[in-house]
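Here's a quick briefing to read with the model open on your screen. Have a look around first, then come back for the notes.

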Amino acid sequence: MEFNSSQQIVFVLHGLNVTQTNKHIYFSLTLILYIVTIFVNLILIVTIFLEKMLHEPMYLFLCNLCINGIYGASAFYPKILYDLLFDSHVITYPGCMTQILVIYSYAFCEFTSLTVMAYDRYVAICKPLQYHSIMTTRKVWTLLLLTWLFSWLESSIGMGLTARLPLCGIDIDKLYCSNWAVVKLSCVDTTLNNLYGFILTFSHVSQTILILISYVNIIKASLRSRVQRKKFMQTCLPHLITLTNFTISLTFDVMYARYGSNTSLLALRNIMAVEFLVVPPLVNPIIYGMKLTQIRNRVAQIYIDNFHL
């Protein structure tokens with residue numbers, strides 16, 4: 001059956017399957033995860049904002065990564081918490097499209113931010129004497145603005161291509177709305193959507209290649225100097241961990257959404273579907289907070305000052 005109006009469509013989310021007893025446990029754990037995610041990201045954002053010594057390109061890019069982490073987590077957690085609390089498994093068409101827009105723009109922004117951060121580390125380690133002349137304040141803010149604009153543009157085009165499709169189903173086998181899950185419900189040919197998906201894949205694979213090239217040069221430069229090796233361990237290692245974590249999480253979700261089996265364990269499907277929305281926003285600020293000495297010392301100082309007060 002083809003639906004006459006997209007405004008009348010209410011999707012049914014089938015990813016959530018918990019008993020009445022377990023529902024409260026899952027709600028509590030999910031709420032704690034969301035609060036901790038917001039808290040650890042806000043700590044880094046506030047610390048970087050308050051500490052003038054941290055108003056450098058690397059820390060501003062890190063601050064942007066934390067803001068994006070809150071943005072992405074907030075596209076997922078409130079809805080799943082509502083579903084657990086009120087035993088709701090539905091979402092309206094406009095709500096679904098909005099969730100798709102925010103989640104995908106978060107993912108694209110995360111990847112583009114990590115690419116920009118790799119470029120920043122490349123200039124810092126491979127061209128240290130030219131660093132401040134290359135990474136000017138104006139250039140940093142331009143890169144941040146372009147990161148968000150580029151991500152929103154990519155997501156908006158994808159959502160527009162999906163919104164034009166007439167749908168013949170309302171069942172989404174996921175905890176949240178995803179673009180491919182809605183495209184699969186279409187009554188018509190989706191070649192254009194597939195083509196755009198391949199364009200996006202090529203774009204972000206190209207970013208990955210640029211990051212790898214940057215790090216090949218960074219590692220070469222680091223081997224020449226003990227100071228550069230120390231800088232690599234302090235500033236580049238967290239970036240590599242963050243990049244690897246996010247890339248693996250996102251790849252799992254994309255590959256499983258397209259080629260995974262719906263007959264596999266529900267718990268496994270859910271974990272693979274939400275990993276890129278849950279793990280990076282929670283882990284990134286912790287990794288950077290532990291590895292970057294200036295941030296770690298400043299957070300400790302704020303804690304000590306407040307404790308004494």
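Which residues lie nearest the centre of the largest pocket? In this predicted model, they are Phe108, Gly197, Leu200, Thr201 and Val254. Here's the rundown on that pocket, on one helix pair, and on what UniProt says about the chain.

**The largest pocket**
- The space inside the largest pocket comes to about 910 Å³.
- Its lining is made up of 37 residues.
- Sorted by class, the lining has 21 nonpolar residues, 12 polar ones and 4 charged ones.

**α3 and α5**
- Helix α3 covers residues 93-126 and helix α5 covers residues 137-163; their axes come within 8 Å and cross at roughly 145°.
- The crossing of α3 past α5 is right-handed.
- Where α3 and α5 make contact, the residues split into 14 nonpolar, 8 polar and 2 charged.

**What the UniProt record says**
- An unreviewed UniProt entry puts the feature "transmembrane region" at residues 25-50, 57-77, 97-119, 140-161, 195-219, 240-259 and 271-288.
- Take the stretch 57-77: in the model it's 100% helix and 0% strand, with its end C-alpha atoms 30 Å apart.
- Residues 271-288 are likewise 100% helix and 0% strand, and there the end C-alpha atoms sit 24 Å apart.

Notes: Residues numbered from 1 in each chain as written. Predicted model: local features only at pLDDT ≥ 70, side-chain atom pairs only at ≥ 80, totals over all residues. Heavy atoms only, no water. Axes fitted to C-alpha atoms, helices over the stretch in contact; angles between N-to-C directions. Helix = DSSP H or I, 4+ residues; strand = E, 2+ residues; numbered from the N terminus. Left-handed = near helix turned anticlockwise from the far one by under 90°. Nonpolar A, V, L, I, M, F, W, Y, C, P; charged D, E, K, R; others polar. 1 Å grid on protein atoms, 1.4 Å probe; cavity = no way out; pocket = protein on both sides within 12 Å on 5 of 7 lines; lining within 4 Å. Points joined across faces, edges and corners; volume = space filled by probe spheres on them. UniProt positions renumbered as here; feature names shortened; annotations may be inferred.
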